[in-house]
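Here is a short briefing for a reader who is new to this structure.

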Amino acid sequence: MSESDFDLKLRCNHVLSGHPPAATADVLRAMAQSPHALAEPDMYGAGGAVAALEARVAALLGKPAAAFFVKGMTAQLASLRTHAEVAGVSNIAIHPQGHMDVDEAGSIERVGGIAPVRLGRYRPFTVDDLVACRDRLAAVVVELPLRRSGYLLPPLGALRDISGWCRENGVPLHFDGARLWEAAAGYGVDLAELAALADTVYVSFYKGLGGIGGAVLAGGEEHVAALAPWKTRFAGNVFTSFPQAITALDGMDRHLPKMPAYVARARSLASALNGRIQAVVHPSAPMTNAFQIHMAGTPADLKARNRAFAEQHGVWLFNVFTQSPFDGQSIGEVVIGEAAESFNDETATGWLAAFCRCGRKAL
């Protein structure tokens, strides 16, 4: 999203996805007024709001230890390298639609020295894929939810089967859990119950929780302690991180209790949209608080039309469009957050029906 896009989004009366946008000055004012801002600044991650955040996440996930990182992929690279060193092999099982493989410019291979073993194609892989794998694995990564495939979750029983296979075979299971908060709400289980299936868990704070950035890697004490040199090697040991930690704690206070409602609202909106817009809702019954809309048009055309719709109606619908496997179509995402509290399903259906209908006429 460009600077001009964000400016237009700020001027809109309604935003379909996520939380209401805020200008930089408003973010800073809110941060200054936060009760978490009373703590002293951390120094290289020690003390202050960072320490409070680590302790809170460890307790929520039921893990003995947790370490803060300014960037989620830095946290995961450090964790996967540590798993690889312990195992003595660099093979890590991942999904080819996972963000590690799609969005990170090959960092797991080119920076992390990891050898990806790709399992599955579009839907989440299963324990049968692990049984059929002939590579000795240092770890297995499951992204919860699998965003690029439509925010899909494996059935909870299937996830437990994967966890059981990993434990039986002495292979650590890692959750790529940037949206673990939403996944737990989607499954209808407690965060600690879900996290207990994995040995290490990464969580993010700037997506569903609305923070300005930052991540935590949680796991056993020995594993988390071993992350320190890799955190430095990957240039993640910054001088202070209190702004990210303060907004993360505020986001947990504000949005964690609402996660079940965000998931329920996504499901009700998807149900309202099915058959009423000239586009395909995927999945038709969302597994978390988010789903895809496959619609006519190229990403460039849809981006221009999204801006025109916002200018005309004061409604910002989509943040980004990506290529679809189907000719002449692209994918937009709907991610339910606090912004959806300002409109009902019928109103949102009207917006999206008008937007998609306009695209059909343009073709």
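Predicted model: local features only at pLDDT ≥ 70, side-chain atom pairs only at ≥ 80, totals over all residues.

Residues are numbered from 1 along each chain as its sequence is written, and side-chain values use heavy atoms, with hydrogens and water left out.

**Surface patch**

- Met-1, Phe-6 and Leu-10 make a nonpolar surface patch of about 250 Å² (patch residues have over 30% relative accessible area and no salt bridge, with like charges joined within 9 Å and nonpolar side chains, Val, Leu, Ile, Met, Phe, Trp and Tyr, within 5 Å; areas come from the Shrake-Rupley method with a 1.4 Å probe, and for residues only the protein chains shown count as cover; a salt bridge is a side-chain nitrogen of Lys or Arg within 4 Å of a carboxyl oxygen of Asp or Glu).
- Leu-10 lies in helix 1 (residues 3-11) (helices are DSSP runs of H or I, at least four residues, and strands are runs of E, at least two, numbered from the N terminus).

**Cavities**

- The whole structure holds five cavities of 30 Å³ or more (a cavity is a set of points on a 1 Å grid over the protein atoms alone where a 1.4 Å probe fits but cannot get out, and lining residues have an atom within 4 Å of a point; points are joined across faces, edges and corners, and a volume is the space filled by probe spheres set on them).
- The largest cavity has about 80 Å³ of space, and its lining includes His-95, Phe-125 and Ile-162.
- Strand 5 (residues 139-143) gives the most to that lining, three residues.
- The second largest cavity has a volume of about 50 Å³, with Met-100 and Asp-176 among its lining residues.

Terms used:
1 Å grid on protein atoms, 1.4 Å probe; cavity = no way out; pocket = protein on both sides within 12 Å on 5 of 7 lines; lining within 4 Å.
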